[in-house]
Amino acid sequence: MPRRTGSDPFATLMPADLGQMPVAWQQLRIPGPPPGLALSPAEQSAQTPETRFARRSIQRLELRGETARDSGHPASSRPAPSCSAPTEPTDPTQLTQPIEPAELTQPTQPTDQLALIDKASPHALFDLMLTEVSPHGAGQAPKADADSVMPITGQLLWQTAANFHRFVSRPEIRREFGLGAEADPRFRAGNAPMAQLGMNQVDTEQLGMKQIASSGVATTETATTEVATQAGWLQLALNCDPNTHDRESVQALKSFHLHLIYWRPPELRALHQADRYGDQHDPYLARQCLDPLSFIGPRLLDDRLQALDPDLAALGAQRLPADASASCAGQRPLGCLIALPSWDLLATPAFERLIRQLHQRLTATASALLRAFTGAEQAPRPWQRHRLLPLRQIAQNLESIGLSAAIRADLLALAQPLHDLSAARAQQLKRASPARRMHQMTLNQPCYSLSLSPMDALGRSTLGADGPLLLSLQLKLFSGIGGAGLFSFPGIPSLRVLRAQGQFSDADWQRRADFQRRFAEYNSTIIKQDCAEGHLHYGPVGQFQSATGWTR
């Protein structure tokens with residue numbers, strides 16, 4: 001289908017075959033909490049994590065770095081105390097004795113604080129958030145990204161991510177909480193879903209043909225989607241947007257945090273009926289679900305991340321070259337993709353260093369492009385945007401960055417439809433609907449989402465296996481939907497989560513709390529065994545009360 005250049009000023013940035021790309025922007029609908037547990041007005045406007053998360057903090061973790069006199073470097077740049085790869089406890093999901101927590105004490109060293117949070121507006125019945133919650137005083141910026149926390153903090157966050165994968169892969173957990181296809185006797189933990197369901201590639205193609213036989217069309221991505229929906233789905237997402245403080249953002253709370261999400265097969269059932277991009281006619285929704293940087297962003301990052309290829313190879317990882325045609329055919333996720341060999345890699349210091357390096361590269365790239373486009377060095381004030389330089393000057397500035405000719409052409413094509421934000425227009429948008437604001441105001445940079453998904457390089461599910469998995473980086477210029485609410489699924493490169501669609505029952509919410517508590521106990525057992533003594537102090541896992549929420 002041809003690009004709709006008449007209706008979208010950024011259409012020239014999109015592939016010619018975009019119209020055929022499978023999308024699911026209306027199908028995945030997740031209820032909100034029961035009425036008594038919805039955010040109160042005071043919680044919504046809270047200025048501190050203590051107030052905002054008072055009813056939703058499942059567990060607190062305090063991490064200590066080296067004392068300031070130990071090194072001439074800031075705590076965030078010093079090597080992390082050792083946390084080894086996770087060791088499987090004897091049976092951490094069936095604890096008979098409560099974990100004895102260490103008391104949280106006044107720090108004498110640089111500290112970070114993490115909290116496991118019960119999200120007020122969930123992306124799935126079974127999800128949590130691990131977020132940095134250190135109090136910050138006047139004039140102090142929140143710890144918003146991988147470079148603003150200590151290495152040991154990032155390492156613990158990613159070890160928790162690896163532990164979440166292991167937790168939802170345990171057969172007894174999958175049975176108890178209905179996470180996948182265990183009713184089929186052919187299911188075995190540790191195998192990819194095609195093997196779990198007793199299928200090979202030919203079988204899945206035949207399944208896809210049967211699934212849509214009534215339409216007379218058969219596609220491989222339909223079969224891939226069918227298999228994944230029966231097995232359930234795991235998604236980990238981190239968003240970074242520290243500098244946008246006026247319009248809606250992928251990082252509403254400016255704190256370093258990770259979404260831990262698992263969708264059960266019943267929640268995914270509606271994905272059997274995916275749509276096509278070419279059939280979408282809402283320009284506001286299209287720009288939010290397919291940012292103008294969706295395809296030129298991966299090409300830009302291919303150029304800017306090449307220097308990290310040796311570091312990736314040392315980890316057994318590989319950056320996958322951009323392939324827009326495969327994404328449009330539903331055979332490849334969106335974003336700049338890095339194939340990782342195993343989930344256990346996440347629990348190593350090397351992975352934390354990789355994430356920090358990626359963030360630093362993205363930040364440096366954003367700074368270079370801000371100078372090239374505007375001549376400015378810092379993010380603008382709220383409700384302002386820097387004036388754009390003339391196109392000829394932008395072109396000259398881009399040449400000085402050292403980008404390839406193809407990438408320079410991409411960025412000039414991006415610059416052409418952009419225009420300055422006048423003070424009068426900013427005031428209008430301040431009073432406008434969120435949809436209009438997000439459609440017309442750019443996000444300050446760097447702004448990106450980072451997702452981890454159980455997929456191979458061809459976008460097929462590897463759920464239940466130790467690997468491989470894909471790390472996806474997606475740059476954002478307009479889209480205010482983060483990686484927890486907008487991601488790639490097998491056979492569907494662009495999938496949106498619609499939240500707050502009705503309300504979960506009290507019984508569902510209690511089941512959610514049971515899942516969260518079991519994971520918190522499992523995670524605590526592993527990190528207690530593996531993190532360096534004296535550097536981690538963890539509070540007790542809270543108790544959930546149906547009328548009031550979590551208490552500690």
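Guide: A residue is called buried when its relative accessible area is under 20%, and exposed when that area is over 50%, with partly exposed in between; the model to which we apply this is a predicted one.

Visitor: Why is Cys 336 called buried?

Guide: Cys 336 has a relative accessible area of 1%, and because buried means under 20%, the residue falls within that class.

Visitor: What makes Gln 230 partly exposed?

Guide: Gln 230, which is found in helix α7, has a relative accessibility of 29%, and because this value lies between the cut-offs of 20% and 50%, the residue counts as partly exposed.

Visitor: How do you know that the count comes to 0 disulfides, and what can be said of Cys 240?

Guide: A disulfide requires two cysteine sulfur atoms within 2.5 Å, whereas the sulfur of Cys 240 is 7.5 Å from the closest cysteine sulfur, in Cys 447, and is therefore too far for a bond. By this rule the count comes to 0 disulfides. Cys 240 is also buried, because its relative accessibility is 1%.

Visitor: Why are β8 and β14 called edge strands?

Guide: The open sheet has 10 strands with antiparallel pairing, in the order β8-β9-β11-β10-β5-β6-β4-β3-β2-β14. Strands β8 (318-320) and β14 (536-538) each pair on one side only, and they are the edge strands.

How values were computed
Residues numbered from 1 in each chain as written. Predicted model: local features only at pLDDT ≥ 70, side-chain atom pairs only at ≥ 80, totals over all residues. Heavy atoms only, no water. Buried < 20%, exposed > 50% of the residue type's maximum accessible area, 1.4 Å probe, protein only. Helix = DSSP H or I, 4+ residues; strand = E, 2+ residues; numbered from the N terminus. Pairing = 2+ DSSP bridges.
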